[in-house]
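Please keep the sequence and the coordinates at hand while reading.

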Amino acid sequence: MLPQSTHTSFEKKRIPVLFGIMAVLFVLVGQLQSWNLSLAILNLCLISAIMTLGANIQWGYAGIVNFGIMGFAALGGLAGVLVSMPPVQAGWQAGGMGLLGGGVIIVLTSVLAVFVWGRIKHITRWRYWMMTAVILSGYLVMRAIVDPAVEAIESIESAKAGHIGGLNLPILVSWVVGGIFAAGAAYVIGRISLGLRSDYLAIATLGISEIVIYVLKNEDWLARGVKNVNGLPRPVPYEIDLQAEQWVINLASRLDTDVPEMSSIIVKLTYAGLFTIVLLMLFWLFETALRSPWGRMMRAIRDNEVAANAMGKHVTAKHLQVFVLGSAVIGLAGAMLTTLDGQFTPASYLPLRFTFLIWIMVIVGGSGNNFGSILGGFVIWFFWIESEPLGLWLMDVITAPLSETSALRGHLLASAAHMRLMTMGLIMLLMLRFAPQGLIPETKR
Amino acid sequence: MDSLNALVVIANFVVVPGLAYGSQLALGALGVTMVYSVLRFSNFAHGELMSFGAMIAVLLTWWLQAQNIGLGVLPTALIALPVAMLMTIFLALATDKVVFSYYRQKRSESVTYLIVSVGVMFTFGGLIRFIIGPADRVFTDGQRFLLKARAFKKMTGLNEGLAIKTTQGVTIIVAVIVVALIFWFLNKTKTGKSMRAYSDNEDLALLSGINPERVVMITWIITGALAALAGTLYGLDKSYKPFTYLSLLLPIFASAIVGGVGNPVGAIIGGYVIAFSELFITFAYKKVATYMLPAAWAPEGLVQLLSTDYKIAVSFVILLVVLLIRPTGLFAGKTI
């Protein structure tokens, strides 16, 4: 055990030191590989850090196990499409009424279901069958109205459009809308499932997020499904326009790079600026929340639900609140990701990448600490990308004694790309075992 | 005649595939339930454990095929199966020793185990892809069909054929044998009884002199064997692809929970419930309706409740409904 004084002085320096190391790593990638790559990693690190902040407010502040991060991120991405793409007028004319009709039927069925439930709740034997009958007939009516409409929409210029399009608003609006989408979904999911035990909640949220992805993949009228939506409008200038600008050409010659490289770096820096603003705002908000009476109450609930309940705190309501808030942040990050990619590809949403990787970020960074979440997002994403070249290099060194044509060497080199999954798993297991508090532990307040 | 034809259509497209898929889910869910009732956590690494077992079976099958060793009409993988089971058991025991036993000593909360099992899932997934790569592998050999559609038509004189793949037959028979063995073990042997006692009431079992480490070890042995079995049978029936096993995890959890987590009978019935609801809800009833209804009423569309794209989503919906209405599952109670 270290003497107490050195321990605390290290604690104080820990945050700047760790972030300093991170900065050095980015400079190293910039110098050794390319600045373009370094900035590309940085941008995704920023988005990951925001997602991790959202997941951390759920797990670290309140102890809610949300394995549905992927679904909320995808809903945010959907907002990117629905807000920024131009509307497909022909699609709306062909099937707009049908879709609206279907929406009305869904609302009516839900209202009817709630009403009927109130009447039949006491009939213990038949109530579930009766409920099923009500919901199923609503569903069949909805399908009868919606199916022809969907078919009509999807048949319009299916190679290019085949969906309803969006609102043609600036894509930055979608960041807010993405947050709202995710918050809405989280409210419904939370109302239903937050009463469950933690492992059931984990399985339920994982299942719901899979359902969200299934819907996005298969409902082509909404966002073209697996055909993807490409060419989303951008909030930053295009490289090709920048290359014609005189100041870019001048800057490139002064910094001794070529013009296309320079323009691409400027675009990435602009994105990084936008993302950093969002990250700092959220960080300030969350730090303030954590220091406030609300934050104290959340920690009290997390540490002892029964006692908090006895003190008059409505545990389930507070859980719902924090679940919605965290999911909204994840949705916001999802919309930012779609903005950065310039396309929406439902097939790219995989639980390993979007749910479990974010969890590793939370755990490694330090649950319950916002600095830790940001650092976790940075470190894990950095190594998720860089473990491939590193793994290849490592394998090359290890297998150097083997001959060039050795089959084992060939296999090991080819498999190096899969090292990242194992690396991540091992990092997570080692952290959980030897430093369960994470890189930056939660501060005692 | 028409109604017989309709029945054959349903048997061919729903009942036979449902029995095979249900058996695979049931074996998987049995493993999840075992871990849950003794170690008291939901093991997210179970899908990858299944994948590991199947991978060993694939590798061994290739080797056996290269040596020209086979079972004739039956798939060669059946010879590989015992070794695959042993290797998977070894992996499960090693993981317990290196990873889980520490948290058991610390008496961690079940949510800690859950998160740890996610780390194990990543590690296994990486290990598997590192060894065999992410590609699709077909390793079925031997005779493809037990019963061919054309032979069935000739035999019965019906319009519709009924085909049974060898892998489906093997799956169902192996599942029946293994399930019978497990129940015999749990109900009749002393070790099985001590396991049930331990899962029922840990403290009481300890007082009665039951060695917890032994119970845990046996649980992992059974779980590993079941996982290898379920994974290999699934791989034989469809094809072996590492990432499908992660998506198989949810239907397996759904089966275990629908039946009542911790209850082996429930896990088996849950497996079939999930498999048959997936198939019945996404089945296109057009042909059946054409046979059963007068010609004038014959439907134009596919008469499908939900498109087949949503097949797996069905199991999640059932899972959610069960969690909300009856979280204890169909067979309540946490007992093996």
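A:N228 is partly exposed, because 14 other C-beta atoms lie within 10 Å, a count between the limit of 12 or fewer for an exposed residue and that of 20 or more for a buried one. The model in which this residue is found is a predicted one. A:N228 belongs to the loop that runs between α8 (220-223) and α9 (239-242) of chain A. Its backbone deserves attention: phi is positive, about 65°, although A:N228 is not a glycine. Most residues other than glycine have a negative phi.

In B:N68, a residue other than glycine, phi is near 65°. B:N68 is placed in the loop between α2 (46-66) and α3 (77-105) of chain B. Is B:N68 buried or exposed? With 6 other C-beta atoms within 10 Å, B:N68 is exposed.

From these loops the reader may turn to a helix of chain B. Helix α7 (residues 190-200) of chain B has B:M195, B:Y198 and B:S199 as its buried residues. When α7(B) is viewed down its axis, these buried residues fall within an arc of 95°, and therefore they line one face of the helix. The cover over the buried residues of α7(B) includes α1 (2-39), α6 (166-188), α8 (202-207) and α9 (212-237) of chain B.

Chain A is divided into domain 1, which comprises 17-87 + 165-434, and domain 2, which comprises 88-164. Between the C-alpha centres of domain 1 and domain 2 of chain A the distance is 33 Å. Seven residues from domain 1 of chain A and 12 residues from domain 2 of chain A take part in the contact. On the side of domain 1 of chain A that touches domain 2 of chain A, four residues are nonpolar, one is polar and two are charged.

Finally, the two chains meet. In this contact, 34 residues of chain A face 34 residues of chain B. On the side of chain A that touches chain B, at least two residues each are supplied by α6 (171-193), α7 (198-218), α15 (351-365) and α18 (419-434) of chain A. Which helix gives the most to that side of chain A? The answer is α7(A), with 12 residues. By class, the side of chain A that touches chain B consists of 24 nonpolar, seven polar and three charged residues.

Note on methods:
Residues are numbered from 1 along each chain as its sequence is written. Chains are lettered from A and ligands numbered from 1 in the order in which they are written. This is a predicted model: local features need pLDDT of at least 70, side-chain atom pairs count only at pLDDT 80 or more; totals for chains, interfaces and linings use all residues. Helices (H or I, at least four residues) and strands (E, at least two) are DSSP runs, numbered from the N terminus. The arc is that of the directions from the helix axis to the C-beta atoms. Two residues are in contact if their C-beta atoms, placed from the backbone, lie within 7 Å. Domain bounds come from an automatic or database domain assignment. Ala, Val, Leu, Ile, Met, Phe, Trp, Tyr, Cys and Pro count as nonpolar, Asp, Glu, Lys and Arg as charged, and the others, Gly among them, as polar.
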